[in-house]
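User: Hi, I'm new to this one. Could you walk me through it?

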Amino acid sequence: MTSLWTRRAVHLAALCLLTANLRVSAMANEITSKAPVTLINSFEVPQDRLADAIRGWEKARDFLKQQPGYITTRLHQSLSPQAKFRLVNVALWESPDAYQTAIQKLGKSGIVAEFKGIDFHAALYTVIREDE
């Protein structure tokens, strides 16, 4: 079984990948709310790259948690090795602007290069319904 820290490391790897592909930064510009936002990033990770993705996520997490606006992040790993998305990152940020600024800094750090060959699908979300 993968440790909680290992699973959390993969979550940040997802954030690193966002920097490599500026789609998320563009999405942050489209959200005008100053309320906290949720990043959901699903990763397609080849079996032989899983450990690399987790290590990269840990590096990205360590970098991003030092940035203003960071709240928390969690990395999830599929129970099935056949799942299309082996890893899913869920992170909370104080605002889209805080996230975008942090991702731009991450992109300049060089950490993102470790995710070459890993596909990801990311977007920022806002809560529209909750349990009562």
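Analyst: Happy to! Let's start with a term: buried means under 20% relative accessible area, exposed means over 50%, and partly exposed is in between, using a 1.4 Å probe and protein chains only. Helices (H or I, at least four residues) and strands (E, at least two) are DSSP runs, numbered from the N terminus. This is a predicted model, where local features need pLDDT of at least 70, side-chain atom pairs count only at pLDDT 80 or more, and totals for chains, interfaces and linings use all residues. Residues are numbered from 1 along each chain as its sequence is written, and side-chain values use heavy atoms, leaving out hydrogens and water.

User: Good. Which residues of α4 are buried?

Analyst: They are Pro96, Ala98, Tyr99, Gln100, Ala102, Ile103 and Leu106.

User: And how does the span of α4 compare with what it should be?

Analyst: The expected span of a helix is 1.5 Å times one less than its number of residues. For the 14 residues of α4 that gives 20 Å, and the end C-alpha atoms are 20 Å apart, so the two agree.

User: What comes just after α4?

Analyst: Gly110 does, with a positive phi of about 90°. Gly110 sits in the loop between α4 and β4 and counts as partly exposed because its relative accessibility is 45%. Gly110 is also 9.9 Å from Ala60, C-alpha to C-alpha, though the two are 50 residues apart in sequence.

User: Let's go inside. How many residues are in the largest nonpolar core?

Analyst: That core has 27 residues, and those with the most contacts inside it are Val45, Leu64, Leu87, Trp93 and Leu106. A nonpolar core here is a set of buried Ala, Val, Leu, Ile, Met, Phe, Trp, Tyr and Cys residues joined through side-chain atoms within 4.5 Å. Two or more residues each come from β1 (37-44), α3 (50-64), β2 (70-77), β3, α4 (96-109) and β4 (119-125). The largest share, six residues, is from α3.

User: Why would such residues be buried together?

Analyst: In soluble globular proteins, nonpolar side chains tend to be buried together.

User: What does Val45 touch?

Analyst: Leaving aside residues up to four places away in sequence, Val45 touches Leu50, Ala53, Arg86, Leu87 and Ile118. Contact means heavy atoms within 4.5 Å.

User: New topic: how many aromatic pairs are there?

Analyst: The rule first: rings of Phe, Tyr and Trp (its six-membered ring) pair if their centres lie within 6.5 Å; planes under 30 degrees apart count as stacked, over 60 as edge-to-face and the rest as tilted. By this rule the count is three. In one of them, the rings of Phe43 and Phe120 have centres 6.4 Å apart and planes at 40°, so the pair is tilted. Phe43 is in strand β1 and Phe120 in strand β4, so this pair ties together parts that are 77 residues apart in sequence. Both Phe43 and Phe120 are buried.

Analyst: Trp93 and Tyr99 also pair, edge-to-face, at 5.5 Å centre to centre with 70° between the planes. Trp93 and Tyr99 are buried too, and ring pairs link Tyr70, Trp93 and Tyr99 into a cluster.

User: Which strand holds Asn89, and is Asn89 buried or exposed?

Analyst: Asn89 lies in strand β3 (residues 87-93), and its 0% relative accessibility makes it buried. The side chain of Asn89 makes a polar contact of 3.0 Å with that of Thr73. A polar contact is a pair of N or O atoms within 3.5 Å; within protein, one must be able to donate a hydrogen and the other to accept it, and residues adjacent in sequence count only if both atoms are side-chain atoms.

User: Last one: how many salt bridges does a search of the whole structure find?

Analyst: Three, where a salt bridge is a side-chain nitrogen of Lys or Arg within 4 Å of a carboxyl oxygen of Asp or Glu. Asp52 forms one with Arg49, with the closest N and O atoms 3.2 Å apart, and another with Arg55 at 2.5 Å, N to O. That links Arg49, Asp52 and Arg55 in a network. Asp62 and Arg61 meet in a salt bridge as well, at 3.0 Å, N to O.

User: How far apart are Arg55 and Asp52 along helix α3?

Analyst: About one helical turn, because Arg55 and Asp52 are three residues apart in helix α3.
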